[in-house]
Amino acid sequence: MPQPSSSTPPAIGDYGIIGDCRSAALISRHGSIDWLCWPQFDSPSIFAALLDRDRGGFFAIRPTAPASVTRRYLPATNVLETTFRTDTGVLRLVDCMPVASREQQRGTLRPQHEVLRRIECVEGEADVEVICDPRPDYARVRPRLRRRGALGVWYEHDGMALVLRSDLRVRLSDDHADLAVRARMRAGDRHYVSLVSAFGEPAVLPPLGLHAEQRILQTVAWWEAWSAQCTYAGRYPDAVLRSALTLKLMVFAPSGAVVAAPTTSLPEAMGGERNWDYRYCWLRDSSLTLQALFDLGYHGEGESFMSWLVHTTRASLPRVQVLYDVYGEPHLPERTLGHLAGFNGSRPVRVGNGAHGQLQLDIYGEVIDAARAFTVRGGHLNRGTRRMLAAFGDAVCDLWSQPDEGIWEPRAGRRHNTYSKSMCWVALDRLCRMHDEGHLSVPTARYRRVMDEIRRAIETRGFNDALGSYTDAFDGADVDASLLLLPRYGYADAGSPRMRGTYARVAARLGANGLLYRYHADDGLAGEEGAFGICSFWAVSYLAQVGDLKRADAAFQHLLTFANDLGLFAEEIDPATGAALGNFPQAFTHVGLIDAALQLAHERGVHARPDESSPAELTTATV
Amino acid sequence: MNLPSILLWGFVASVVMATITEGSRGLGWTRMSVPFMLGSMFTADYDSASPVGIVVHLLGGWAFALLYALVFQALGRATWWTGALLGLVQAIAVLVLVMPVLPSLHPRMANERTGPEPTRALEPPGFMALNYGTRTPLFTVLAHLAYGAILGGGYRLLS
């Protein structure tokens, strides 16, 4: 049975990502596509060796001889280049999922989905092998591949077609379940391999050769043009741009939804049960992602997301669900795939997400804050959006005093989470501001009265005098890292004694090797997870806000060392080894990186951030 | 010929036939999209092809109803089963005769022998359109049976 890589199993951080803003593929250092879901992020997988090396399926292009590997993205793009150096020659593999501008798309039929791979020998000579072993429907199907002459090798199943074409000579295995190619390449040789899919309609089969080269060039140009819109002017521009490009891959272009990550069940604790499906659109994550893109000069994504949000929440207003699928489907039942071994034996593998039924009050604050950011940057709220936001405000007034699961969506039940309460305050604050600015109409007197009640509750029950710190929950004695965001959203002054005490408590209680855990409280799950990527960046932002730029800068540089060789972060980091943990790459962590970099740049005066939450205006509160 | 009758039932039959073919496609039973195939003969714009094709498909079905009416007139009878029989003959002719030669007629369809070209990239249907899924002939026949039965039954009722 062919294997996705000939050496030891890849670590999470060994992967790179390519995508077309509809779906994404994870590619190992050994040139193997070990994860691909078509036609959209949360569709059943075509290749899932990531979650089961023996039966998941993969698509590898690699040298047959041992090789040292270096990787990079072509500058300012999501086109991945992997270079293999063997004893006899150097092979260079370029991978992309073609994208093109509307003008370029006009007048040509293009496949619905394509992975395009180019392998060339740039020095000496080397043997290369191509193995394509598709296992659709999360590896529950063992397909039978068929040759169709010059049209390539096909697999057909339930209204889906996979077509692999190459200018190399393809050989099917005896059972027609996979195909393989072995060829000797000499300096100057260049070959293309294209995998396209079609769902519910005839496939479009783009030619190889020069036409394939043109698609690669168009894809490079498309990403370069997108990157050129970035207005960031601070330090670490490469890390910030890579994060922005990664976030863009999470945007589902047809609807405007933003997924949290393109993967499921990459373990937060190796070998443990903390394995979740993140291929959905969390309103919180999406809002923060869009804020990050806004801050970097990308406004188009905001309009699309607002449109998706209005459409998605129309049926349930004023209540919102924590997460939806990319088309706004709210029903996402969680189930396990018992036939998959899991990443590195980490079971269960889950699809769907049970958190969709939770109450997480903070999302009202994050969504409304994103809407305000949209208006501050010149965005216009249409009637549907205005009605939706006003309904959210009323819901916050009704719900804020209830316990909720909170931002970390534990499975241990509800409580009065301090961060959730503060984000209810933020929600009403932003609505009042938008009312004052003429963007919508809400009952500001009522909202301000409720804001006062919320603040009073937080300052009395969400602050522990003995600890000198805000607490994770009312009347509690512990902290969680989300408290560092209180100044970020303008609820508290970063330099206040209460926030300084909170930061000190969070750093002491949750810090490890320059990283932060999100909490240490019992969350109802077995095992110990890693430090949380975005929380570590929140600490940098906090230090920048209090003006401690030297420490903030050092902490930021330290955090960058935990990215993989391509600049990608997972959800979590093992403080002991620095290994990536959890789904990968994770939008949340890259949002944190961008936010921290922007905060540093803002404090240095090199990148102005629109004033959305001046603490000076927090005088409505009466503690 | 009862022109108002055949125009009315021709329209109804075309809508039902299109609904069956598109419905079977939407449910994943076949990848044959007649609107996309027809529309892409007129435009290379992916987004425009299907809307154009739906209009062409409906108009074609409507026009074809006139031929059915001529046959009904010649036979001197129009029943649902004679209509269905005509539909079956038409379906078999489309699947066996038209589909294999479609790459020669369609300006953007690839050829199985030479493979795709820059301007000819659409997957060809092959014999009986089996390239689009093994159940494609079944739903093509069902759609044409319904088309013919509606025409035969409806035409008889208003004659």
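Predicted model: local features only at pLDDT ≥ 70, side-chain atom pairs only at ≥ 80, totals over all residues.
Colleague: Which backbone nitrogen does the side chain of Ser14(B) reach?

Modeller: Leaving aside neighbours within four places in sequence, Ser14(B) is in contact (heavy atoms within 4.5 Å) with Leu58(B), Gly61(B), Trp62(B) and Tyr147(B). At 3.2 Å, the side chain of Ser14(B) reaches the backbone nitrogen of Trp62(B).

Colleague: Is Val15(B) buried or partly exposed?

Modeller: Val15(B) is found in helix H1 of chain B. Its relative accessibility is 32%, so Val15(B) counts as partly exposed.

Colleague: Which helix gives the most to the nonpolar patch?

Modeller: The patch is on the surface and includes Val15(B) and Trp62(B), with about 1000 Å² of accessible area together. Helix H1 (3-26) and helix H3 (46-75) of chain B each supply at least two residues. With seven residues, the most comes from H3(B).

Colleague: Is Ser40(B) buried or exposed?

Modeller: Ser40(B) lies in helix H2 (residues 34-42) of chain B. Leaving aside neighbours within four places in sequence, its contacts include Leu109(A) and His106(B). Its relative accessibility is 0%, so Ser40(B) counts as buried.

Colleague: How much area do chain A and chain B bury between them?

Modeller: The contact takes 27 residues from chain A and 30 residues from chain B. Buried area is the accessible area (1.4 Å probe) that two parts lose on being put together, summed over both. Of this area, 58% is on carbon and sulfur atoms, and the value is about 2200 Å².

Colleague: Which residue of chain B forms a salt bridge with Asp158(A)?

Modeller: A salt bridge is a side-chain nitrogen of Lys or Arg within 4 Å of a carboxyl oxygen of Asp or Glu, and the rule finds four across the interface of chain A and chain B. In one of them the closest N and O atoms are 3.1 Å apart, and the partner of Asp158(A) is Arg135(B).

Methods. Residues numbered from 1 in each chain as written. Chains lettered and ligands numbered in written order. Heavy atoms only, no water. Patch = residues over 30% accessible without salt bridge, like charges linked within 9 Å, V, L, I, M, F, W, Y side chains within 5 Å. Areas by Shrake-Rupley, 256 points an atom, 1.4 Å probe, with all protein chains shown as cover. Helix = DSSP H or I, 4+ residues; strand = E, 2+ residues; numbered from the N terminus. Buried < 20%, exposed > 50% of the residue type's maximum accessible area, 1.4 Å probe, protein only. Polar contact = N/O pair within 3.5 Å; in protein donor to acceptor, adjacent residues only side chain to side chain.
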